[in-house]
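Please look over the structure shown here before reading the briefing, which begins with the contacts within one chain and then turns to a contact between chains.

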Amino acid sequence: MKRKFPLLTAVNTLIYLFIMAPLLVIVISSFNPGEYLVFPPEGFSLKWYEAVLTGGKYTEPFWNSIKLAVATTAVALPVGTMAAYAIQRFEFRFKQALLSLFLSPLVIPTLLFGIGLLIFFSSLGVQMFFMRLLLAHIVLIVPYVIRTMLAGFSRMERSVEEASIVLGASPVRTFFLVTLPLARPSLLASAFLSLVLSFDELVIALFLTGPGITTLPMTIYSDIQFNLSPSLAAISSIIIAGTVLVGLIGILMTKRSGRT
Amino acid sequence: MSQLIIQDLVKQYGSNTVVQNLNIAVESGEMLSLLGPSGCGKTTTLRMIAGMHSPTSGSIQLDGRELTHVPPHKRDVGLVFQNYALFPHLTVFENVAFGLKRHGVPKGEIKGRVMGALESVQLANLAERYPAQMSGGQQQRVALARTLVLKPPLVLFDEPLSNLDAKLRQALGIEIRALQREYGFTGIFVTHDQEEAMTISDRIAVMNGGRIVQMGTPQEIYMHPADPFVADFVGESNLFPVSAVQPAAGYWRFELPGGHRLSAENAGNGPSAPPAHAMIRPEAVLVQRQPQDAGDTERQGYNRLIGEVAFINYTGSSYLIGLNVKGLDSHFIVRMQNTRKQFDLRLGEAAVVEWPIHETLTF
Amino acid sequence: MLRRIPPYWILLSPGLLILLLVFVVPLGRLLVLSFYRTDPSGAMQAAFAMEQYIRFFSDPFYMQMLWRSVYIGIIVSFVCLVLGYSLAYGVARARPERRFMLLMLIALPLLTSAVIRNFGWIIILGRKGILNETLIAIGLISQPLDLLYTPAGVIIALVHVMLPYMVLVLYSVLEGLDRNLESAASNLGASGPKVFWFVTLPLSMPGIIAGTLLVFSITLSFFVTPSLVGGAKVKLMATEIYNQTINMLNWPYASAMGVILLVTMLLVTGLYKRILNRRGPKGVNLG
């Protein structure tokens, strides 16, 4: 196809610029050597990266967020995969209703869910803040896992599993020997989504957190409001780079394992 | 004693009966086809034998062992799928070895048995390939090897050839028969393709609406179909309703729509119900240009119709000729071998068809 | 075989358990709480009263806030539709080997947290931000524009957050369109714009509807952007619900506002679907 739509190309270039602009601005201003966040930067320095990476206030929230993302994925992935498999492979009553229920956290505003949980946990007197966040994140992430795994399972030929059973593997062994290996691209995609979404989640954290537990998005959120600084730009740039990197790795792995 | 005995097998989904009171006995080493249109219950029957569906009632016995409630992975029944169903994440070798491992065959023995099975389908040189790197025909042969390596007494075939092109289908059909002689399994072959059923099986069970409507050798099914459905489903046919039926000594006389008078043998001993349909196989019919001078003289022992040539399809080895006959709402078709003699039928011209009275089948 | 628990129940039960306990029950509590009373001291009293709802609907301040939220949601959906259609159309018409890269350019920002992206907009939109400086430098304006902490700024930043959703939905529809239909239309003598207007656009209606519904539903209750880019000056439902919950500690009122927001979302999207279904071309499933 030759350039048939010069106007479209020009307009779209501007839109791509619009998409990239805020990310570029953050990355560029993170190199400013001065104490204040200015754009364009008045020099080039990596000192804020050094400051952020060699300790400081972002370290603990960062590890909290990582712990939360990993724990969420560790629970949401098997739970969602099991539910998706049941919905895809078995016939039973109320299946559609159950599926809608499982996906409903995608429809109900997170904000409402946050208040509901805050009220709920307070009335129960649950004080374990990490546990509160973890449970909430699992509920938010499981629908994404189910959706991704449903698509994966539906692309898979049922007969391949049947072949395994007829050849003498029990249904449970078949699930581990055939189904899961074949679902690998979807599993990777689910894990990736889960890690990123859980790591980035802010609203639920604002409602449910308590003393001692701060996640990285919360720290960044509060710094944006009260403490704009080049080190904020530096930690944001690191997250941007990390997300892009994890995203690219995820895509490459999904593509490669999808091929064989 | 028969090897596989199916008794009063019934499968219902809610109020919908998919398989009704099926009774089949298959001899050891026999190949039985279940033939019928989609939705006739043949696949459901096969899946009940494999254990993928559980029957509503009835029983399935293999070598005197009650299979009905044995879970599918403990049945030792082979199943070959339409879409091959190879494990895409395993090599050909691993695919064939899969069942052996599940059956606890010792490691040292696996390699020899896998290669043996691959050799019998001429694929030993491709053992390290992945299924995606092979043609459809090769994949299906791997699937055969994967099934046969376990030496199952019974192998079920679920339309295994229908994803292949015509030539390959024929070749693989012959190969399956050869493998059956080599391994000695009993086979059940599900298909909707009557030609495939005829070439591959010792016996055919024609199914319709969840029942077996006729069971017999391919010759019996083709030459003596039990009812209009079988006549129509198996092979090409001219099938017409008949009226004004009169019995005569050893014959029926009746009229086709349009008032054409025909005769058929009344093979039954004693009084039988008058037929409602007549059927003539297209290849039993002789067709020629209507001689301009000839009168309407009927040859003794033959039926005769006059029509106008509506189409002529040349297929190389034969011609398929369709005639418009007054009163009939479908073409009267004739299959004529290409005898290399001069072919003198012309579109739109009148032609005479004749066939021996005993070639008129009635139901 | 023994009669056992069906395997699907075993597979479903962990998810169901978590969902019921941590999702359904808390939302039920929220609904119940929205009918509680708040006494003058601010403490809540168990009751079944419409007090909170009456307070909301009788106060123009809150009604305006609701309207502002819906209004901004509609504008954001529309702007996203225009920009997103242009992008999705461009990607669908690009050479296949470039499509993936173009999609990634759009999707990767989606994966970066909205908090960080809004941070970028704060740098850009401020009175001394890059946008104002540039516009003044090229002489387009003489006074800096007020963008940060205004509805305009919120809309810009929201469009940025929502655009990838719109593009991904539209692209999946545009990619599936049979391009032979467009060729057939031009063969029959339709000009480029006419082909677009009478063939491509109607056929992509399902994507347009799904995309705008998705963007509107998320935008209406989106908290991060109004909170960061709008600040205290642009009062929207989402930020006020947060304020009532965390700062005012008036949970019954916050609950009622949440319920009102959810019902509004369902009403607007339902109405929208209904109008389009009536007007939509026959044979196109507007689900």
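Among the contacts in chain A between residues at least 6 apart in sequence, 72% join residues at least 24 apart, a contact being heavy atoms within 4.5 Å. This is a predicted model, in which local features need pLDDT of at least 70 and side-chain atom pairs count only at pLDDT 80 or more, while totals for chains, interfaces and linings use all residues. Residues are numbered from 1 along each chain as its sequence is written, chains are lettered from A in the order in which they are written, and side-chain values use heavy atoms, with hydrogens and water left out.

**Chain A**
- Chain A has 12 helices and 0 strands, where helices (H or I, at least four residues) and strands (E, at least two) are DSSP runs numbered from the N terminus.
- The C-alpha trace of chain A spans about 70 × 65 × 35 Å along its principal axes.
- Of the 260 residues of chain A, 54% count as buried, that is, under 20% relative accessible area with a 1.4 Å probe and protein chains only.

**Chain A with chain C**
- The contact between the two takes 73 residues from chain A and 72 residues from chain C.
- Chain A and chain C bury about 6700 Å² between them, 85% of it on carbon and sulfur atoms; this buried area is the accessible area (1.4 Å probe) lost on being put together, summed over both.
- Helix α1 (residues 6-29) of chain A gives the most to the side of chain A that touches chain C, with 14 residues.

**Cysteines**
- Over all chains the structure holds 0 disulfides, a disulfide being a pair of cysteine sulfur atoms within 2.5 Å.

Terms used
Buried area is the accessible area (1.4 Å probe) that two parts lose on being put together, summed over both. Buried means under 20% relative accessible area, exposed over 50%, partly exposed in between (1.4 Å probe, protein chains only).
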